[in-house]
Amino acid sequence: MSEWREEHDGVITTRACAWSPPGCHPVSCGIVVTVKDGKLVKVEGDPEHPITQGRLCPRCLDLKEIEYNKDRVLHPLKRDPKDRGKDKWVQTTWDEALDLIEEHVNKIKQEYGPESIMVLQGTGREADSYAFSFGYSVLGTPNALFSMSGYSCYGPRTAVADYVLGAGYPELDYAAYFPERYNDPRYEVPKYIIIWGKNPLYSSGDGFFGHAIIDLMKLGSKLITVDPRVTWLAAHSEYFLQLRPGTDAIVALAMLNVIVNEDLVDHDFVDKWCYGYKALAERVQEYPPSLAETVSGVPAETIIGAARAFGSNHPCSVAWGLALDEAKNGTQAGAAVMDLIALTGNFDVPGGVTLATPSPFMSEWQANALEALGPDLWNKRAVDPEWDGFRWTFASAHPDSILRYAERGKPYPIKMCWFFGSNPVASTAFAEPDRWLNVLLKMDFNVDQDIVMTPTAMACCDLFLPLKTTIEHQGVAFPHFGTNTHLLGAMEDSGVEIGEDCKSDLEICIWAGKRLNPEAWPWDTPAEFLTDALKPLGYTYEDLQKNVVIQQEFHYKKYELGLLRPDGEQGFNTATGKIELKSTIYPNFGEDGLPYYEEPPMSPYSTPELYKKYPLILTTGARNIAMFHSEHRQMPKLREINPDPIMEINPETAKKYGVEDGNWVAIENPYGRCVEKVKVSQGILPGVVHAQHGWWYPEQKGEAPNLYGVWKSNINTLIPNEHISKMGYGANFKSTLCKITKVDSLDA
Ligand SMILES: Nc1nc2c(c(=O)[nH]1)N[C@H]1C(S)=C(S)[C@@H](COP(=O)(O)OP(=O)(O)OC[C@H]3O[C@@H](n4cnc5c(=O)[nH]c(N)nc54)[C@H](O)[C@@H]3O)O[C@H]1N2
Ligand SMILES: Nc1nc2c(c(=O)[nH]1)N[C@H]1C(S)=C(S)[C@@H](COP(=O)(O)OP(=O)(O)OC[C@H]3O[C@@H](n4cnc5c(=O)[nH]c(N)nc54)[C@H](O)[C@@H]3O)O[C@H]1N2
Ligand code: SF4
Ligand SMILES: [Mo]
């Protein structure tokens with residue numbers, strides 16, 4: 001094993017794990033960073049990393065372009081609130097920045113109460129590890145949240161996992177906990193893997209590493225893919241269920257129908273560990289494959305074939321993705337997918353779907369922050385009564401509620417926002433971003449921290465704090481958002497000298513914490529903080545640094561070992577102690593305890609009149625490898641891979657609307673309009689279009705109203721807020737309606 005750091009003739013080589021910024025989910029890929037005289041020479045994959053084994057995606061390989069990017073902000077900037085939207089930023093010091101923050105926070109707290117401050121986090125960057133507790137223990141507000149309508153990223157999936165399994169986020173078993181990986185004698189290669197609404201080769205599977213699927217394919221796993229587009233994995237699948245967007249639940253229910261009626265059920269497992277089988281078996285009779293074919297467009301025989309393959313082979317696994325979150329009916333679809341795994345006895349068996357126990361890393365600190373906030377303030381967090389299901393089961397404020405609070409000033413006003421790893425105006429986390437920008441412009445004070453100036457900061461912020469990149473600071477990287485965390489990895493300062501005046505998210509927490517709530521922030525350095533946060537695991541930050549990666553202990557069949565329940569009893573951590581095929585919680589919140597299918601709120605069947613005017617089904621935001629949401633547009637090599645916002649359309653549909661490859665089209669529906677570039681592709685269903693999200697043009701004028709062209713290709717102007725389920729989850733980012741019209745240019 002090589003040393004974590006080596007130094008020869010002024011050349012420093014550091015082995016570490018990458019996270020953010022620039023953006024990525026907590027994948028923790030192994031990197032080797034070479035620095036000479038303070039200059040970054042290269043970034044390579046670390047062959048000794050147990051999971052990534054030397055493999056990296058283009059975004060890490062291209063880190064140099066962000067390190068030395070002309071758009072990087074290297075000093076704190078302030079701007080008079082009356083100049084919002086104008087490029088009138090003035091360089092300031094960290095000291096002055098802190099004075100400004102303290103002044104505004106105290107004033108707002110006194111006049112309106114601490115709940116009038118909100119912290120908006122984006123997705124899964126390192127900032128997210130700290131954002132909530134920063135809100136609670138630095139700013140003293142209960143309103144820290146992710147701003148996407150219906151919490152439509154992971155919210156629905158983690159909630160379903162909690163309701164149905166009472167165990168953390170389940171994942172495909174790719175032998176990640178074992179140093180010998182697939183060769184470990186405990187492991188078995190899955191016979192079939194369902195890839196459901198996920199494209200892990202591009203999305204890195206969010207800490208699950210897309211290349212594990214390729215490894216498993218080489219070892220013999222066969223694939224079943226559920227997607228409206230022909231992805232590479234779909235093209236290499238034995239069964240490809242090419243469905244109309246938003247119809248996942250009916251496809252899953254029809255697969256359950258086959259498994260029940262052909263008795264492909266693992267009765268030993270179901271009898272012992274599942275609650276509500278009889279009710280579920282009755283419910284799925286309402287969803288024969290023939291009906292699912294009519295609704296979803298997937299031939300009944302393909303559904304039957306896939307269900308038989310999955311039900312009669314063992315072990316089998318499932319990788320479930322974002323498409324299940326980004327739908328009003330998504331919690332139902334998710335429950336049905338969990339039921340497929342349960343009925344076939346594939347939970348927590350080798351080569352099946354691993355159950356998780358939360359990582360103790362930072363958990364004590366997070367619990368303390370919440371406790372310091374106190375129950376009175378906690379209960380004030382923004383959640384409307386109609387989403388009580390969310391209030392009682394999800395530890396956060398609700399994005400759709402806080403938007404309403406801010407718009408109405410009731411039940412209390414929202415007066416300040418701190419963006420903690422989010423660029424929501426850039427068509428990313430926000431649906432109807434114009435509505436959000438309106439309320440943000442009414443705030444008294446907005447703070448952002450980022451590596452580059454963004455449309456959000458330019459539009460509405462008063463203070464901009466410059467960040468260190470992933471190779472400039474210390475931290476801990478952990479896959480799968482703290483559940484199913486097979487490893488912890490060290491992020492390291494590689495010695496690259498650039499942002500002398502930049503700080504990491506953790507350094508910002510410590511810096512502001514020491515001023516605003518000193519008792520809660522005794523640490524002087526990130527390493528001190530991280531050592532404390534690692535204490536429950538029995539090692540220090542230095543231990544992690546030296547090892548680069550420490551893999552966690554793992555046990556299969558945790559329900560037999562009493563590892564899933566706080567009382568140490570066998571079973572699952574649900575009210576019945578079993579996997580709840582029929583939920584005992586849902587009825588308390590007006591939701592059906594059994595999974596069901598419901599049409600998307602805007603669809604050919606739920607809104608036939610609207611469909612006449614907007615005759616195309618729109619899905620959005622499938623990931624591409626060169627970009628992470630709104631990021632990387634200013635990195636020349638990555639931009640070259642994906643220079644324009646792409647709308648994919650089937651040749652037959654393109655012909656019908658008179659558009660060709662490379663044409664610009666306006667995409668419209670009653671909520672909004674944007675312009676993207678046509679890519680004609682056999683790989684998408686006729687009548688369906690797919691549009692990229694997160695587009696802005698850093699090369700364009702930043703000042704309002706242009707804001708780097710953020711309104712030009714902003715697909716989220718077409719996505720409504722509040723079209724979400726009774727439990728408060730899932731907005732239809734991946735299934736709505738639109739029409740297209742050929743236009744002359746991006747600026748049309
Ligand atoms: N139409 C459509 N919209 C979507 C989606 C879709 O599928 N379709 N997907 C949605 C999903 S799943 C998500 S999660 C959201 C994501 O939405 P966001 O997470 O808000 O994504 P960004 O707009 O890229 O904003 C993130 C900002 O954080 C900065 N950043 C990067 N790394 C760090 C870091 O370590 N610390 C800090 N402080 N900042 C950092 C980046 O430079 C960037 O400006 O978008 C959603 N939007
Ligand atoms: N390179 C890169 N990686 C990323 C991100 C990024 O921006 N760039 N974002 C990160 C984030 S925040 C997330 S949440 C993950 C998301 O990553 P994934 O879970 O992989 O999700 P997506 O790539 O949005 O979509 C996956 C697939 O769903 C298909 N799809 C569209 N509509 C439907 C539908 O209605 N039903 C079904 N079954 N499939 C549908 C799309 O065609 C696409 O192939 O990726 C993370 N990783
Ligand atoms: S997935 Fe993330 S951490 Fe891994 S190589 Fe790509 S950008 Fe880097
Ligand atoms: Mo996400």
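**View 1. The surroundings of ligand 2.** The side chain of Asp-227 places an N or O atom 2.6 Å from an oxygen atom of ligand 2, a polar contact (a pair of N or O atoms within 3.5 Å; within protein, one must be able to donate a hydrogen and the other to accept it, and residues adjacent in sequence count only if both atoms are side-chain atoms). This is a predicted model, in which local features need pLDDT of at least 70 and side-chain atom pairs count only at pLDDT 80 or more, while totals for chains, interfaces and linings use all residues. Residues are numbered from 1 along each chain as its sequence is written, chains are lettered from A and ligands numbered from 1 in the order in which they are written, and side-chain values use heavy atoms, with hydrogens and water left out. The backbone also takes part: a polar backbone atom of His-629 is 2.7 Å from an oxygen atom of ligand 2, and one of Leu-322 is 2.9 Å from an oxygen atom of ligand 2. The protein buries 99% of the 910 Å² that ligand 2 exposes when taken alone (Shrake-Rupley method, 1.4 Å probe). Around ligand 2 there are 33 residues, and Asp-227, Arg-229, Asp-248, Met-627 and His-629 come nearest; a residue counts if one of its heavy atoms lies within 4 Å.

**View 2. The surroundings of ligand 1.** The shell holds 34 residues, with Ser-20, Thr-123, Arg-125, Asp-450 and Asn-716 the closest.

**View 3. Helix 4 beside helix 15.** The axes of helix 4 (residues 127-139) and helix 15 (residues 363-373) come within 8 Å and cross at roughly 25°. Helix 4 and helix 15 are therefore roughly parallel to each other, a term for angles under 35 degrees. Axes are lines fitted to C-alpha atoms over the stretch in contact, with angles running from 0 to 180 degrees between N-to-C directions, and helices are DSSP runs (H or I) of at least four residues, numbered from the N terminus.

Terms used. Helix = DSSP H or I, 4+ residues; strand = E, 2+ residues; numbered from the N terminus. Parallel < 35°, antiparallel > 145°, perpendicular 65-115°, else oblique.
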